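Please find below a colleague's note for use alongside the coordinates.

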Amino acid sequence: MEIELLTVGKTTIKFVSEGIEEYVKRLKHYIPYRITPLPDIKKNASLSAERQKEAEGDIILSKLQTSDYVILLDERGKEYSSMEFSEFIEKQMIAGRKRVVFVVGGPYGFSQAVYDRADSKISLSRMTFNHEMVRLFFTEQVYRAMTILRGEPYHHE
């Protein structure tokens with residue numbers, strides 16, 4: 001199974017980029033993992049928030065394959081503990097999924113078309129995080145899930 005994280009916009013905060021790079025490097029020992037930044041649609045006076053979500057949604061949908069299992073990182077999604085998230089990842093592997101794609105939307109969230117395409121939604125927290133930080137937190141959680149599944153000592157209960 002391959003995991004891909006689609007993100008609207010690039011990571012520009014240096015320490016966040018360094019943290020992401022560290023966990024992506026660690027993940028290479030466990031599972032194919034890729035972060036794909038998508039173009040950031042800049043809001044301007046002629047572009048409403050709804051139209052911006054639709055434009056970003058069109059880009060997101062263009063990157064998805066029919067067979068992808070798509071999970072939105074959304075504040076209204078299901079919350080998991082790290083142990084539960086590792087079990088969720090394991091279930092996706094057992095199900096024989098070729099590619100699981102997690103998606104971080106833009107500042108206004110997702111268009112209805114993206115919600116309609118999604119297979120699931122998860123939330124990292126009820127708190128709101130900077131979208132660049134979400135990339136780091138999520139990547140670390142995927143790494144943590146893999147170490148849990150292997151019975152390695154990174155995670156402590």
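This is a predicted model: local features need pLDDT of at least 70, side-chain atom pairs count only at pLDDT 80 or more; totals for chains, interfaces and linings use all residues.

1. Arg 76 is exposed, at 52% relative accessibility, whereas Asp 74 is buried, with a relative accessible area of 6%. The classes are under 20% relative accessible area for buried, over 50% for exposed and partly exposed in between, with a 1.4 Å probe and protein chains only. Arg 76 and Asp 74 form a salt bridge whose closest N and O atoms are 3.7 Å apart; the term requires a side-chain nitrogen of Lys or Arg within 4 Å of a carboxyl oxygen of Asp or Glu.

2. Residues are numbered from 1 along each chain as its sequence is written, and side-chain values use heavy atoms, with hydrogens and water left out.

3. The whole structure contains 13 salt bridges. One of them joins Arg 34 to Glu 2, with the closest N and O atoms 2.9 Å apart. This pair links distant parts of the chain, 32 residues apart: Arg 34 lies in strand β2 (residues 33–38) and Glu 2 in strand β1 (residues 2–8). Helices (H or I, at least four residues) and strands (E, at least two) are DSSP runs, numbered from the N terminus. Arg 34 is partly exposed at 39% relative accessibility, and Glu 2 is partly exposed at 23%. Both residues belong to a network of salt bridges that links Glu 2, Glu 4, Arg 34, Asp 68 and Arg 99.

4. A further salt bridge, between Glu 22 and Arg 26, has its closest N and O atoms 2.9 Å apart. The two residues are four apart in helix α1 (residues 14–27), and therefore separated by about one helical turn. Glu 22 is partly exposed, with a relative accessible area of 30%; Arg 26 is also partly exposed, at 27%.

5. Where is His 155 found? His 155 is in the segment after α5 (131–149), and is buried with a relative accessible area of 17%. Its side chain makes a polar contact of 3.0 Å with the side chain of Arg 144. A polar contact is a pair of N or O atoms within 3.5 Å; within protein, one must be able to donate a hydrogen and the other to accept it, and residues adjacent in sequence count only if both atoms are side-chain atoms. Neighbours within four places in sequence aside, His 155 is in contact (heavy atoms within 4.5 Å) with Ser 82, Met 83, Arg 144, Thr 147 and Ile 148.

6. The largest pocket has a volume of about 430 Å³. Its lining has 21 residues, of which Leu 73, Asp 74, Glu 75, Thr 128 and His 131 are the closest to its centre. A pocket here is an open set of points on a 1 Å grid over the protein atoms alone, where a 1.4 Å probe fits, with protein on both sides within 12 Å along at least five of seven lines; lining residues have an atom within 4 Å of a point. Grid points are joined across faces, edges and corners, and the volume is the space filled by probe spheres set on the points. β3 gives the most to this lining, with four residues.

7. The second largest pocket has a volume of about 190 Å³. Its lining residues include Tyr 80, Phe 85, Phe 137 and Gln 141. α5 gives the most to the lining of this second largest pocket, with four residues.
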